[in-house]
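Me: I am new to this structure. Please take one part and look at it closely, then follow up with the charged pairs.

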Amino acid sequence: PLLQQRESGRSSRCWNANRGETPVKATTPLYLGIDFGTTNSSVAYIYGDPRHLQAQHVPVEPVRITMDAENNLTAERMPTLISTRFDDRRAKGLASGWEVVRIFGHRKKAPLLRKGHELFESVKSDLGSSRVYAHASSPECNTPKKVAVAVFRALLSAASDTLPGLDTSSVRTVITVPASLNAEARQETRDAAVEAGLSGNRVEL
């Protein structure tokens with residue numbers, strides 16, 4: 001039902017993505033912002049400009065994330081979902097976001113996805129808890145941190161598609177987290193972001 005709700009509501013957030021990519025400006029500082037959400041996640045960017053200090057509104061650009069490449073559909077958010085590739089047991093790697101929805105929706109006989117086995121969602125609340133997903137069908141997603149890494153990698157991949165030449169290891173990034181998040185969960189979130197390709201001394205929570 002969760003996947004069906006996300007897919008059925010996508011029309012309000014999609015558009016036709018027939019527009020050019022935005023090249024990274026070599027001489028202008030670039031900043032990323034990641035909203036690591038429980039249900040949906042997103043990434044946006046802004047170029048540093050001294051004029052922003054006096055501006056009432058700062059131009060923040062959301063990264064459009066591919067929903068359906070065949071039909072050129074994108075969205076500003078992606079479901080915070082990670083799954084093993086249940087559509088092809090021989091395939092390596094994990095599926096993320098809209099890819100999970102797309103694979104699930106294209107199956108004539110969709111398999112039963114079990115949370116903590118093939119499907120992982122809402123892992124943010126498990127970060128910092130030392131929890132292990134003992135029944136995970138792949139070692140690539142048997143801890144909350146590994147699932148968070150997969151989410152961050154998917155977001156950074158989308159950002160790199162939008163910003164050719166983006167060096168994620170040098171860009172300054174702010175990740176939104178709840179104020180109630182404890183120190184262990186914050187550290188594990190930072191560690192996951194670094195493992196996904198960001199620089200530890202350039203990540204702020």
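Reply: Start with D68. D68 sits in strand β5, which covers residues 65–68. Keep in mind that this is a predicted model.

Is D68 buried or exposed? D68 has a relative accessible area of 12%. Buried means under 20%, so D68 counts as buried.

Now its surroundings. The side chain of D68 makes a polar contact with the side chain of N71, at 2.8 Å. Leaving aside residues up to four places away in sequence, D68 touches L73 and R102.

Next, the salt bridges. How many are there by the rule used here? The count comes to five. Three of them are described below, one at a time.

Take R131 and D126. These two residues form a salt bridge, and their closest N and O atoms are 3.2 Å apart. R131 has 46% relative accessibility, so R131 counts as partly exposed. D126 has 14%, so D126 counts as buried.

Turn to E195 and K145. They also form a salt bridge, with the closest N and O atoms 3.6 Å apart. This pair links distant parts of the chain. E195 belongs to helix α4, residues 183–196. K145 belongs to helix α3, residues 144–162. What about their accessibility? E195 is partly exposed, at 42% relative accessibility. K145 is partly exposed too, at 25%. The cut-off for buried is under 20%, so K145 with its 25% does not count as buried.

Then there is R172 with E204. Their salt bridge has its closest N and O atoms 3.8 Å apart. Here, too, distant parts of the chain are linked. R172 lies in strand β11, residues 172–176. E204 lies in strand β12, residues 203–204. The separation is 32 residues. R172 is partly exposed, with a relative accessible area of 30%. E204 is partly exposed as well, with 39%.

D68 is a buried residue in strand β5, and its side chain has N71 as a polar partner. In the R131 and D126 pair, D126 is the buried partner and R131 the partly exposed one.

How values were computed
Residues are numbered from 1 along each chain as its sequence is written. This is a predicted model: local features need pLDDT of at least 70, side-chain atom pairs count only at pLDDT 80 or more; totals for chains, interfaces and linings use all residues. Side-chain values use heavy atoms; hydrogens and water are left out. Helices (H or I, at least four residues) and strands (E, at least two) are DSSP runs, numbered from the N terminus. Buried means under 20% relative accessible area, exposed over 50%, partly exposed in between (1.4 Å probe, protein chains only). A polar contact is a pair of N or O atoms within 3.5 Å; within protein, one must be able to donate a hydrogen and the other to accept it, and residues adjacent in sequence count only if both atoms are side-chain atoms. Contact means heavy atoms within 4.5 Å. A salt bridge is a side-chain nitrogen of Lys or Arg within 4 Å of a carboxyl oxygen of Asp or Glu.
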